[in-house]
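This report covers a nonpolar core, a helix pair and a loop. The sequence and model come first.

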Amino acid sequence: MSFNGKRWHAYINYDRRSHYLGTFDTKEQAAHAYDQAARARKKEAPLNFRSAEEGAEAAAQAQAAM
């Protein structure tokens, strides 16, 4: 993830390349996007949230708090 001062950008690395996942309003949304991609592509990747549901809930709460 990276932050450009306004929004968060999410990336994941696989197949020896960096893949852009999108731009998000909150770091929780970016982390959730990474986790979704990691679960689909990189089974051994470290995750930000214990479950997909936990990630979706954190992303929704962060968006609602804005």
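Contact here means heavy atoms within 4.5 Å. By that criterion, and leaving aside residues up to four places away in sequence, Tyr34 touches Tyr11, Ile12, Leu21, Ala45, Pro46 and Asn48. The model is predicted: local features need pLDDT of at least 70 and side-chain atom pairs pLDDT 80 or more, while totals for chains, interfaces and linings use all residues. Residues are numbered from 1 along each chain as its sequence is written, and side-chain values use heavy atoms, without hydrogens and water.

Tyr34 also belongs to the largest nonpolar core, whose six residues are Ile12, Tyr14, Tyr34, Ala37, Ala38 and Ala45. Such a core is a set of buried Ala, Val, Leu, Ile, Met, Phe, Trp, Tyr and Cys residues joined through side-chain atoms within 4.5 Å; buried means under 20% relative accessible area, exposed over 50%, partly exposed in between (1.4 Å probe, protein chains only). Strand 2 (8–14) and helix 1 (27–41) each supply at least two of its residues, and helix 1 gives the most, with three. Helices (H or I, at least four residues) and strands (E, at least two) are DSSP runs, numbered from the N terminus.

Helix 1 also meets helix 2: Glu28, Gln29, His32 and Arg39 in helix 1 contact Ala52, Gly55, Ala56, Ala58, Ala59, Ala62 and Gln63 in helix 2.

Two residues other than glycine have positive phi. Asp15 and Arg16 lie in the loop between strand 2 and strand 3 (17–24).

| Residue | Phi | Relative accessible area |
|---|---|---|
| Asp15 | about 55 degrees | 62%, exposed |
| Arg16 | near 60 degrees | 87%, exposed |
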